[in-house]
Amino acid sequence: MSVEAIMHTEFPEGYTVFFGADGKVIMTPQSEEHSSTIRSMQIDSLALGRHAKITSDVYLDFPADENSAPDFAILREDARRQGKRYSFEDVLLIAEVVSVSSARKDYDDCTAKYGRHGIPVYLVVDPYAAEVVVHTQPTGAGYIAAHTHAYGTGKLPIPLADGRTFTLDLDELPRPDTATGTR
């Protein structure tokens with residue numbers, strides 16, 4: 001199946017679709033933690049203004065067919081779609097929420113990719129480890145700085161390249177229930 005055909009395919013509701021560098025297409029349902037974490041970040045983003053450009057699971061164009069649909073992204077206020085998509089150049093922050101099947105991709109592959117393309121801030125939000133890793137200072141191989149913040153430690157102000165601040169409430173991020181694996 002070609003990339004173009006995959007991009008126009010409607011996948012079942014509730015599934016996340018990953019496109020591997022080796023051409024594999026992986027479909028997995030989102031967990032409650034995954035969905036609730038994205039919702040929590042969306043709620044926190046309201047402080048940026050009702051009309052702030054925030055996307056979730058929306059394709060962004062990257063060079064060399066490395067397109068992504070990150071779990072959560074904050075775009076420049078003057079961002080304009082090019083066709084149906086925004087460009088990676090419009091992105092101020094990307095967050096990926098770790099799931100059991102995506103840990104390596106979120107911690108390793110995405111860190112390298114987003115850094116290589118100059119995304120100013122990349123968050124790895126991990127409900128299973130109850131931590132958020134904030135990557136800043138992108139380089140050609142990833143990021144120079146990575147700071148880990150535990151869930152339950154208050155509000156985390158994250159400066160954006162346009163002068164605004166996204167404040168992530170670490171007390172409100174959902175955690176899996178250790179007995180059942182759900183919250």
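1. Basis. The model is predicted, so local features need pLDDT of at least 70 and side-chain atom pairs count only at pLDDT 80 or more, while totals for chains, interfaces and linings use all residues. Residues are numbered from 1 along each chain as its sequence is written, and side-chain values use heavy atoms, with hydrogens and water left out.

2. Salt bridges around Arg76. A search of the whole structure finds eight salt bridges (a side-chain nitrogen of Lys or Arg within 4 Å of a carboxyl oxygen of Asp or Glu). One of them joins Arg76 and Asp78, at 2.8 Å from N to O. Asp78 is partly exposed at 47% relative accessibility, and Arg76 is partly exposed at 29% (buried is under 20% relative accessible area, exposed over 50%, partly exposed in between, with a 1.4 Å probe and protein chains only). Arg76 and Asp78 also belong to a network of salt bridges with Asp90.

3. A link between two loops. Arg164 and Glu77 form a salt bridge at 3.9 Å, N to O. Arg164 lies in the loop between strands S11 (155-159) and S12 (165-169), and Glu77 in the loop between strands S5 (72-75) and S6 (86-87), so the pair ties together parts that are 87 residues apart in sequence. Helices (H or I, at least four residues) and strands (E, at least two) are DSSP runs, numbered from the N terminus. Arg164 is buried at 14%, whereas Glu77 is exposed at 54%.

4. Arg104 and Asp109. The closest N and O atoms of this salt bridge are 2.8 Å apart. Arg104 is exposed, at 56%; Asp109 is partly exposed, at 35%.

5. Helix H2. This helix (residues 32-45) has 14 residues and spans 20 Å from first to last C-alpha, close to the 20 Å expected at 1.5 Å a residue (1.5 Å times one less than the number of residues). Its buried residues include Glu33, His34, Ile38, Met41 and Asp44.

6. Cores. The largest nonpolar core has 22 residues, and Met41, Leu93, Leu123, Val125, Val132, Phe166 and Leu168 touch the most other members (a core is a set of buried Ala, Val, Leu, Ile, Met, Phe, Trp, Tyr and Cys residues joined through side-chain atoms within 4.5 Å). H2, S5 and S7 (91-97) are among the elements giving two or more residues to this core; S7 gives the largest share, four residues. A second, separate core of 17 residues includes Leu60, Phe62, Ala79 and Cys110.
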